[in-house]
Amino acid sequence: MTWHQPTTTIQHELKVKGSRFIADIFPIKSEAEALEQLELVRKREHGATHHCYAFVIGTDDEMVHRVNDDGEPAGTAGKPIYTVLAGEGITNVLAVVTRYFGGIKLGKGGLIRAYGGVVQEALPLLRTEKFIPMILMSCDASFEQSNLVYRIIETYSAQLVDQQYSDHVSISFKIPQHQAEQAAWELYQASNGQLKARIHT
């Protein structure tokens, strides 16, 4: 599956038998960020009956996801939200569905359709980009050879994570996973076998 991640925040509303279901979808990079956004929604919609959510971070073996029914019957809110997100291949995403109860009970099937449905309707409005899994690499280099590492970072559009200075430079960076081995080999070649980048899995 080709995964995508959101680049924008959107909101979409669905009304079912008097109840209002408001979906807020956010791009996120961490669980802490997801919880911050959730708190903002709770404050904004402080009069609502429920704030149910699901978030997905990463893919495959690195995937982290959480679901929460926030008082709705178990499995009727958070899981349907997650099922839609994962089914559409969306990651690094938080979807919060706020419900204002309209006085008519929907039953388990109705809740599942409503919570999943409002997110499904919202997704065509969401701008996304292809998700490229990144992997952490690090390398110890002399001050003279550190430029070779920085050149690799620039060439592969990698992200500098950390640099520590002592009698040498320890550089950590994130690079697209499918390019890590090639980058390590190029660095080894350019330094005449002196620089060996470590790939952290």
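Phe 26 has Leu 94 as its bridge partner in β6. Strand β3 (residues 19-27) and β6 run antiparallel to each other and share eight bridges; strands are said to pair if DSSP finds at least two bridges between them. Helices (H or I, at least four residues) and strands (E, at least two) are DSSP runs, numbered from the N terminus. This is a predicted model, in which local features need pLDDT of at least 70 and side-chain atom pairs count only at pLDDT 80 or more, while totals for chains, interfaces and linings use all residues. Residues are numbered from 1 along each chain as its sequence is written, and side-chain values use heavy atoms, with hydrogens and water left out.

On to the rest of the sheet. Five strands make up an open sheet, ordered β2-β3-β6-β4-β5, with antiparallel pairing. At the edges sit β2 (10-16) and β5 (64-68), each pairing on one side only. Neighbouring strands are turned by 15° against each other on average, direction ignored; axes here are lines fitted to C-alpha atoms, for helices over the stretch in contact, and angles run from 0 to 180 degrees between N-to-C directions. Seven bridges hold the antiparallel pairing of β2 and β3, where Glu 13 faces Ile 22 of β3. Helix α1 (residues 31-44) packs on this sheet and touches β2, β3, β4, β5 and β6, its direction making about 160° with that of β4; contact means heavy atoms within 4.5 Å.

Strand β6 (residues 93-100) is mostly covered, with seven of its eight residues buried. Buried stands for under 20% relative accessible area, exposed for over 50%, and partly exposed for in between (1.4 Å probe, protein chains only). Strand β4 (residues 50-57) also pairs with β6 in the antiparallel sense, over seven bridges, and there Tyr 53 is opposite Val 96.

Now for the rings. There are four aromatic pairs in the structure; rings of Phe, Tyr and Trp (its six-membered ring) pair if their centres lie within 6.5 Å, and planes under 30 degrees apart count as stacked, over 60 as edge-to-face and the rest as tilted. Tyr 53 and Phe 55 are stacked, because their ring centres are 6.5 Å apart and their planes are at 0°. Tyr 53 is buried at 10% relative accessibility, and Phe 55 is buried with a relative accessible area of 1%. Phe 143 and Tyr 165 are stacked too, with centres 6.3 Å apart and planes at 5°. Phe 143 is partly exposed at 42%, whereas Tyr 165 is exposed at 52%.
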